[in-house]
Amino acid sequence: MSGPNRRLRPGALVAPLTLVAAAASLVPIAAGAHLVTEGDSPPIARVVVSNTGAVHDYPRPVLKAPAAPAVHRRKPVQRQPQAPHSRRHRPKPKPHRPAHPKHSSKHAERPLLRPKPQIPALMLLDHAVLDMRAAGASPSLLNFVNQPQNLVSTARASTKPLKDATRIQVFHSYVTIAHALAHHHIAADTRAVVYDNELSTGTPAAEVADPVRYCRLTARLLHKHGLEYIASPGFDLSGPRPSNGEWFEQFVRAGLMECGRYADYLDIQDQLMQGSAIYTEDAHAAAKLLHHINPRAKLLMGLSTSPSGLLATSGRLWRAYQDTKGSVNGYWLNVPHNVSGTSRPDVALQFLQKMITQAR
């Protein structure tokens, strides 16, 4: 061949080879483009497979493949509105977002809204209230006692000395309770009846001989008439007071705590020991025993301004209250006439004023 022909022949070969290579490179791309344009999910899956096989030689088409999985990943995010990704699809903040600080502030304020510790209930005879009023009880003190949780014994024919306190009535025998119910001698607004069975109050001999039986009969009768039963069996039903002063233990050994099995309230007449370590131990023991015998019953402890005619001080009542208020539900605060024939309402007023001061 001539010289010019030899120079042209390499260039002529390069151009066709380049075109062939380019055409070969477009084959998988064109195939992929054709599959994508079909628009249904099976071709898309084949695109991924074809691109995966060509990734080493043709990286650019591989970059387009993740677009389809990215769409599928958004679906579970939409089912979880609280996930951070879901907020990206909202052009504006949620309208309820400002409510979150309010909820948190309510939780923060809860300790401030806690009610004060409940003050134990008081049970009083109506003459005790009248004596305290005559002794100069302040309106705030009377208002403190004038609450529905407090029980004030008032006869059917008498007006309640405290209109908001709950009316109760006291009887010393089962027979008189049955008679009062039969003859409608119990006021319509009476909620509970006290069966104060003890030797010193003139309880009939038959009832003294079998006190627990009559506690059970009293409970059955009162509950039948829709009344609550406040059991108050005297310590003297267990025998004379022991020399060591542990009358409550003798009371328990005699089985008299069984009266609490049938009662809504059980009053423990331990006022002779008020303010002493024995009183405190008795209150704690009575609370445990009553909870075991009858968990729904409430425990009352006796307090008195003149227990058995002896003169008491407000300090002894206060000490007894402080030592036992966490174990009992309330107290029968007695203001009886002492050996000189006069009552000591001033002691009760001083004691109640301390309760008011502590409750503030």
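In the predicted model, the residues lining the second largest cavity divide into five nonpolar and three polar, with no charged residue among them. This lining is made up of Ile119, Pro120, Leu122, Phe144, Gln147, Gln149, Asn150 and Met355, and the space within the second largest cavity comes to about 30 Å³. Across the whole structure, the search returned two cavities of 30 Å³ or more.

The largest pocket, by comparison, holds about 560 Å³ of space. Of the 29 residues that line the largest pocket, Glu198, Ser200, Gln269, Gln271 and Ser308 are the closest to its centre, while the elements that give two or more residues to the lining are strand E7 (298-304) and strand E8 (330-334). When the lining of the largest pocket is sorted by class, 14 residues are polar, nine are nonpolar and six are charged.

Strands E7 and E8 also belong to a closed barrel of eight strands, which runs in the order E1-E2-E3-E4-E5-E6-E7-E8 with parallel pairing.

The pairing can be followed in detail through strand E5. Strand E4 (residues 190-195) pairs with strand E5 (residues 228-231) in the parallel sense over four bridges; within this pairing, Val193 has Tyr229 of E5 as its bridge partner, and Tyr195 stands opposite Ala231 in E5. Strand E5 is in turn joined to strand E6 (residues 265-268) by two bridges, and these two strands likewise run parallel. Ala231, which stands opposite Tyr195, has Leu266 as its bridge partner in E6.

The protein chain averages a pLDDT of 78, and 68% of the residues score at least 70. Over residues 93-116 the pLDDT is below 50, and this stretch has four contacts in the model beyond near neighbours in sequence. The pLDDT also stays under 50 over residues 1-90, for which the model has 23 contacts beyond four places in sequence. Where pLDDT is low, the predicted coordinates should not be read in detail.

How values were computed
Residues numbered from 1 in each chain as written. Predicted model: local features only at pLDDT ≥ 70, side-chain atom pairs only at ≥ 80, totals over all residues. Heavy atoms only, no water. Pairing = 2+ DSSP bridges. pLDDT = per-residue confidence, 0-100. Contact = heavy atoms within 4.5 Å. 1 Å grid on protein atoms, 1.4 Å probe; cavity = no way out; pocket = protein on both sides within 12 Å on 5 of 7 lines; lining within 4 Å. Points joined across faces, edges and corners; volume = space filled by probe spheres on them. Nonpolar A, V, L, I, M, F, W, Y, C, P; charged D, E, K, R; others polar.
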